[in-house]
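Hi there,

Here is the structure I promised to pass on to you. Have a look at it first, and then read my notes below.

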Amino acid sequence: MFITLEGPDGSGKTTQARLLAHWLQEEGHPVVLVREPGGTTIGERIREVLHDPAHTGMSPWTEVFLYCAARAQLVAEIIRPALAAGQTVLCDRYADSTLAYQGYGRGLDLDALRLVLYLATGGLTPDLTFCLDISPEEGLARRRAGGGEWNRLDQETVDFHRRVRTGYLELAGLEPQRWIVVDAARPVDAVQADLRALLQARWTGHTPPTL
Ligand code: TYD
């Protein structure tokens with residue numbers, strides 16, 4: 001199964017991805033956890049270029065192609081081989097991030113982006129995508145308090161991050177069978193418990209609990 005975690009900055013995806021991977025492993029599902037941009041030696045180099053706060057003059061399409069270059073490498077080197085070997089792949093951000101940030105955030109044409117994404121991934125689509133939803137204000141406050149890497153995208157306006165969030169919710173609405181939106185403005189343990197319950201429900205074919 002190919003599972004992705006999406007959401008605005010500060011939604012806690014990375015923490016949740018780590019906890020979920022650990023749990024899956026304990027449950028007997030061999031899991032490969034990767035993050036975007038990055039996840040490969042080449043991808044991590046591209047990540048440095050993308051996130052350097054000094055690169056303020058980067059054109060929106062340069063940004064798209066760099067994210068997609070890192071993604072193409074990740075798909076070819078890690079994701080496809082792992083899925084072929086029967087492993088579960090858990091990816092912290094994937095193609096939907098490009099639609100949300102470069103599409104809804106920067107205003108690039110969504111159909112053009114979908115074409116580029118198709119070329120980069122060969123059409124590989126997640127089986128399940130969790131959207132960890134949080135308001136830009138709360139997300140930003142968490143980012144400031146968390147002391148993690150402060151990247152180029154963090155320098156964007158609150159309006160930009162608001163468009164990203166709206167974009168995610170719209171994308172989720174377009175494909176409700178793939179997406180599950182989870183309220184991420186809650187304690188880590190509560191969000192994690194929901195993710196596990198929802199995943200288990202998917203696996204066993206039961207109706208997900210009302211959250
Ligand atoms: P990262 O430090 O991984 O943040 P997070 O923990 O929030 O995922 O930084 C990823 C940043 O790159 C984040 O601001 C979103 C942005 N991004 C895009 O704009 N487009 C993309 O296609 C991807 C994968 C990420």
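What follows is a short tour of the sheet and some salt bridges.

This is a predicted model, so local features need pLDDT of at least 70 and side-chain atom pairs count only at pLDDT 80 or more, while totals for chains, interfaces and linings use all residues. Residues are numbered from 1 along each chain as its sequence is written, and side-chain values use heavy atoms, leaving out hydrogens and water.

Let's start with the sheet. Strands β1 (residues 2-6) and β4 (residues 128-133) pair over four bridges, with Glu6 opposite Cys131.

Now the salt bridges (a side-chain nitrogen of Lys or Arg within 4 Å of a carboxyl oxygen of Asp or Glu). The count comes to 14. In one of them, Arg71 meets Glu36, with the closest N and O atoms 2.7 Å apart. Arg71 is buried at 1% relative accessibility, and so is Glu36 at 6%; buried means under 20% relative accessible area, exposed over 50% and partly exposed in between, with a 1.4 Å probe and protein chains only.

Arg152 and Glu63 form another, at 2.8 Å. These two also belong to a salt-bridge network with Arg106 and Glu156.

Enjoy exploring!

How values were computed
Two strands pair if DSSP finds at least two bridges between them. Helices (H or I, at least four residues) and strands (E, at least two) are DSSP runs, numbered from the N terminus.
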